[in-house]
Amino acid sequence: MSKLRAALLHLVLIAGIAVVVGPFVYMLLTAMTTDNYSLPSPQKLMTDAKTLGNFAEAWGKNHFQLFFANSLLVTAATMAFSLMLSSCMAYSFARFEFPGKELLFRLFVFTLFVPAIINIIPQFTILKSLHLVDNYAGLVLLYVGSGLVGSTFFLRGFFERIPRELEESIVIDGGGRFTVFRSVYIPMSLPALGTLAIFSFQGTWDEFVVALTVMKSEAHRTLPVALQLFRGQYASFYGLFFAGSIIALVPTILVFLLFQKQFVQANLSDGGVKN
Amino acid sequence: MRKALKQYAQVSPYLSVGLALTLAFVLYPMVKGMYISFFHYNVIKPETSEAAGFANYKHVFTDPLILTALRNSLLMAAVTVPGQWIAGVILALIIQAKTVRLKVLWRLIYYIPVISSWIVVSYLFRFLFADGHEGLINYALVDVLRLIGEPIGWLQNTWTANLVVWLVSIWKGAGWVMVLYLAALQSIPKSLYEAAEIDGAKPASLFHRITLPLVRPLTLYVIINLINGAIQAFIQVYAITQGGPMDSTQLLNTYLYKQAFQYFDFGYASAISVCLGVLIFALTYSQQRSIGRERIEY
């Protein structure tokens, strides 16, 4: 009976693979089929010879490498600044007292529930007045600024759970608040920081609307925008488009695999249930 | 007073930069957005903008496309929130089951859609649901399974196009729900289930009586996020249907983007986005209130 149940559960999971991985297999097959001036029919996908030509072509053509580098630059900068600033902010909310702290924090939490798209129009006008439209610094500032509240909220929970006793030995040794921050809070919350790093990387690497709105000139485009415009320009180059898309997926998957252990731990201690 | 100043001086190295950025790119834009919504806003020369009073808001309530977009946004939430939640929870329960092996592998496989790019996945679904026999879905339905005689023009009709948008949203989001529930399920002490099983409880009532109540705070968090995500959905529609056919699959979000960046009617778009914010706030308000209070000890 329980063996039958186990077999059934596995069967459901295996059937689910078709739904989840199937579309990616289709994408891979299309990317490996040449001469796709129309969407290749499923028969053609099965029978045609397979090649990696599209990958080489997509990588080498249409400034793909430039867009890839742009995305890497913007994502890395956003990730670094977000982690740095949000851990500082979380520290100040978790371990400092100052008048208006609660009010400020509530205001922050309130903004989490206001839709992001509301802000895009004024954000655009602010960047415009700072002359930072179509500028990497402007895009990174916008990404970092609009993501800080969420990550601060997330990290503060972790910081508050770190026992204050750990600070004492450092204070006795004459360490200041920054030493405490650097040698207790940061190392103790590496899982949380790892999780944030994944979220930040994924969110920024994949971000489309803001990049489309803010970055105007071709040379400054990030990958998602470039892929979308590429689709518009070469509507019938299906293999090429999918090859480019697959290349664009590689970094996110790598980052996920790299941080995945941390990711799990962070969720375990912050699944919304207090242990 | 002196004490307060000292406290500010101590905290400011950690707080000031982040606070300044948040003020500049979150709080100020929120206020500015409301302000813009009362103007016929000229983005090239803001100083020449004419005051509009409530004209933009009147327009919101009389524009027939707003009704279509509102309908689609609400349906998006009504379909994809339960869809993602049910699929994600079922996956988590199966993977968590004692008899299931290779848990880490399953979790990774079902998480792949979550980590893949929205724009790529949207185009992928657009091609899967392509017209004629070229689309994989049509091919499967017509030529392999022979369920229907003629291929369906998925993106040519309002409801099939909406269906594709809903499917991609559920497909991409279920893994996120799964991962969070897996983590929460692992943190529930096994002894609770063992005790109930000894008393002869069935699996369904174990889930209903033990699991669900214990993960309630997580459920609130997940539901709020899913509602927020559904009402703020954008790329699916932008890349798959472009709001078509005839603007019948526009969401409030895509419609306001079109008003702002295609017609440059920033005032009207801001008015729509203020209304959208009120809508999200109303839909998630009751859950938000309870989220801070819920804490479970065992």
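In this predicted model, helix α7 (residues 136-161) of chain A packs against helix α10 (residues 190-206) of chain A at an angle of about 155°, and their axes lie 11 Å apart. Because angles over 145 degrees count as roughly antiparallel, α7(A) and α10(A) are roughly antiparallel to each other. The crossing in which α7(A) passes α10(A) is right-handed. From α7(A), the residues A:Tyr143, A:Gly147, A:Ser151, A:Phe154, A:Leu155 and A:Phe158 take part, and they meet A:Ala192, A:Leu196, A:Ser200 and A:Thr204 of α10(A). Sorted by class, this contact of α7(A) with α10(A) holds 6 nonpolar and 4 polar residues, with no charged residues.

Elsewhere in chain A, helix α5 (residues 101-112) contains A:Phe105. This residue, A:Phe105, has 15 C-beta neighbours inside 10 Å, and therefore counts as partly exposed. Between A:Phe105 and A:Phe124, which stand 19 residues apart along the chain, the C-alpha atoms are separated by 25 Å.

Turning to chain B, one finds 13 helices and 2 strands. The radius of gyration of chain B is 24 Å, well over the 19 Å that the globule rule gives for 298 residues, so chain B is more spread out than a compact globule. Taken along the principal axes, the box filled by the C-alpha atoms of chain B is roughly 75 × 75 × 30 Å. Of the 298 residues in chain B, 41% are buried, and among its contacts between residues at least 6 apart in sequence, 68% join residues at least 24 apart.

Within chain B, helix α12 (residues 252-261) is mostly covered, since 8 of its 10 residues are buried.

Definitions and conventions. Residues are numbered from 1 along each chain as its sequence is written. Chains are lettered from A and ligands numbered from 1 in the order in which they are written. This is a predicted model: local features need pLDDT of at least 70, side-chain atom pairs count only at pLDDT 80 or more; totals for chains, interfaces and linings use all residues. Helices (H or I, at least four residues) and strands (E, at least two) are DSSP runs, numbered from the N terminus. The radius of gyration is taken over C-alpha atoms; the globule rule is 2.2 Å times the number of residues to the power 0.38. A residue is buried if 20 or more other C-beta atoms lie within 10 Å of its own, exposed if 12 or fewer, and partly exposed in between; C-beta atoms are placed from the backbone. Two residues are in contact if their C-beta atoms, placed from the backbone, lie within 7 Å. Axes are lines fitted to C-alpha atoms, for helices over the stretch in contact, and angles run from 0 to 180 degrees between N-to-C directions. Angles under 35 degrees count as roughly parallel, over 145 as roughly antiparallel, 65 to 115 as roughly perpendicular and the rest as oblique. A crossing is left-handed if the near helix is turned anticlockwise from the far one by less than a right angle, and right-handed if clockwise. Ala, Val, Leu, Ile, Met, Phe, Trp, Tyr, Cys and Pro count as nonpolar, Asp, Glu, Lys and Arg as charged, and the others, Gly among them, as polar.
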